[in-house]
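Morning, everyone. I have a short walk through a structure for you. Please look at the screen.

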Amino acid sequence: MSAKLPILAIASNSVRPPQRSSDRWRQALREAIRHPAELAALLELPAEWCREHVADPSDFPLLVPRSYLARMKPRDTRDPLLRQVLPQRAEQSATAGFVADPVGDASATLAPGLLQKYRGRALLVTTGACAVHCRYCFRRHYPYAEASLSSSVIDRVIDQLAADSSIHEVILSGGDPLSLGDDRLSELCRPIAAIPHITRLRIHTRWPIVIPERVTDRFVTLLSDLPTTCVVVIHANHANELAQDVPPAIERLRASGAMLLNQAVLLRRVNDSFDALRELSERLIACGVVPYYLHQLDRVAGAAHFEVPVETGRELIAELRRELPGYMVPSYVQERAGELHKIPLA
């Protein structure tokens, strides 16, 4: 397990009122790291290395919760969690084929915040907020201001979903839908789940991984009470992310009765090895989560330095199949704009 940073355990001398458990995730987000210099100082990264590699993240700000930071190894510039969140100069290099909207979100938009790419499924971009800013994010250039889900917009979207009996599954995405409070999520989920032809509600979230306190009792109760099948897709790319308070948070999610899946992205110098992917699958299964997808990197502008050749990905999947039971091997897929489904790569 990665060493914790002692500095993160130092309490403030000021006396704070006790927090309700439901408020801790908000406090954790307020205390998140937002400046590369602070991140580098806390991890004791070499100054010369930082001058050479670290960039100003003006177009896509840095955001790293301290609970996630605490799983990184100090003084290790190759730490797989650090690499996912640290803005690097490589992001500033334009690369042919890497664009602002690599998966065709714009062309799939039916209404503000409402997308449909695949038959029988609709996706809601619920918010632009996240608990962490992943540097490879395929929506790092998404026009969230144009897709704001105000109360009036939500009402129209729910009416649109109710009027289309061909839609059987609604996916809550973002940003990250768990950036919304439990009351707001309830206001969104309950009317959708009450539509007779909606048989599944899927939530894609990274919050249980980076700020586990977000899995509140109220959220678990909400999932338990919904009159439809709930699927929660978490996002972990490396086994080191499934440390500290993450397994208990996942156990609370399991108690809701929701199906738990994981999607990962194949990332250069993060998880592009057999050992990294095997350990990730092992840790997920131990937590009760099915390894669902291993995505080929979406070719979003600013993320070319994360790309792994498809042939390498195929070799890794073949090795996993030789060594692991089938249920522990994720499907290796790629999303391509305009296609009617994700493309299997292996």
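Predicted model: local features only at pLDDT ≥ 70, side-chain atom pairs only at ≥ 80, totals over all residues.

Let's begin with helix α2. It covers residues 36-43. Which residues of α2 are buried? They are P36, L39, A40, L42 and L43. Now look down the axis of α2. The buried residues fall within an arc of 165 degrees, so they line one face of the helix. On the other side of α2, A37 and A41 are exposed.

What do the buried residues of α2 pack against? They pack against α3, α4 and α5. In the numbering, α4 is 66-69 and α5 is 80-85.

Let's zoom in on one residue of this helix. A40 sits in α2. Is A40 buried or exposed? Its relative accessibility is 12%, and the cut-off for buried is under 20%, so A40 counts as buried. Set aside the neighbours within four places in sequence. A40 is then in contact with L45 and C50. There is also a longer link to point out. A40 and V54 are 14 residues apart in sequence, and their C-alpha atoms are 9.3 Å apart in space.

Now step off the end of α2. The helix is followed by E44, which has a positive phi, near 55 degrees. E44 is not a glycine. Why mention that? Most residues other than glycine have a negative phi, and most peptide bonds are trans. E44 is found in the loop between α2 and α3, and α3 is 47-53. E44 is partly exposed, with a relative accessible area of 45%.

Where is another residue like this? Look at Q244, which is not a glycine and has a positive phi near 55 degrees. Q244 is found in the loop between β6 and α10. At 25% relative accessibility, Q244 counts as partly exposed.

One more backbone spot. Which residues does a cis peptide bond join? The answer is G174 and G175, with omega about 25 degrees. G175 is in the loop between β4, residues 169-173, and α7.

That brings us to α7, and to a helix pair. Helix α6 is residues 151-163, and helix α7 is residues 182-193. Their axes come within 10 Å and cross at roughly 20 degrees. An angle under 35 degrees counts as roughly parallel, so α6 is roughly parallel to α7. The crossing of α6 past α7 is right-handed. Who makes the contact? From α6 we have S151, I154, I158 and L161. From α7 we have R184, L188, P191 and I192. Sorted by class, the contact of α6 with α7 has six nonpolar residues, one polar and one charged.

Helix α7 comes up again with α9. Helix α9 is residues 217-225, and F219, V220, L222 and L223 are buried in it. Seen down the axis of α9, these buried residues fall within an arc of 155 degrees, so they line one face of the helix. What do the buried residues of α9 pack against? Their partners are α7, β5, β6 and α10. For reference, β5 is 200-205, β6 is 229-235 and α10 is 246-255.

Helix α11 is residues 274-287, and helix α12 is residues 310-323. Their axes also come within 10 Å, and they cross at roughly 50 degrees. That angle makes α11 oblique to α12. This crossing is right-handed. On α11 the contact uses F274, L277 and R278. On α12 it uses L316, E319, L320 and E323. By class, the contact of α11 with α12 has four nonpolar, no polar and three charged residues.

Last stop: A276, which lies in α11. At 10% relative accessibility, A276 counts as buried. Not counting residues up to four places away in sequence, A276 touches H238, V270 and N271. And N237? The C-alpha atoms of A276 and N237 are separated by 9.0 Å, although these residues are 39 residues apart along the chain.

That is the tour. Thank you.

Note on methods. Residues numbered from 1 in each chain as written. Heavy atoms only, no water. Axes fitted to C-alpha atoms, helices over the stretch in contact; angles between N-to-C directions. Helix = DSSP H or I, 4+ residues; strand = E, 2+ residues; numbered from the N terminus. Parallel < 35°, antiparallel > 145°, perpendicular 65-115°, else oblique. Left-handed = near helix turned anticlockwise from the far one by under 90°. Contact = heavy atoms within 4.5 Å. Nonpolar A, V, L, I, M, F, W, Y, C, P; charged D, E, K, R; others polar. Buried < 20%, exposed > 50% of the residue type's maximum accessible area, 1.4 Å probe, protein only. Arc of directions from axis to C-beta.
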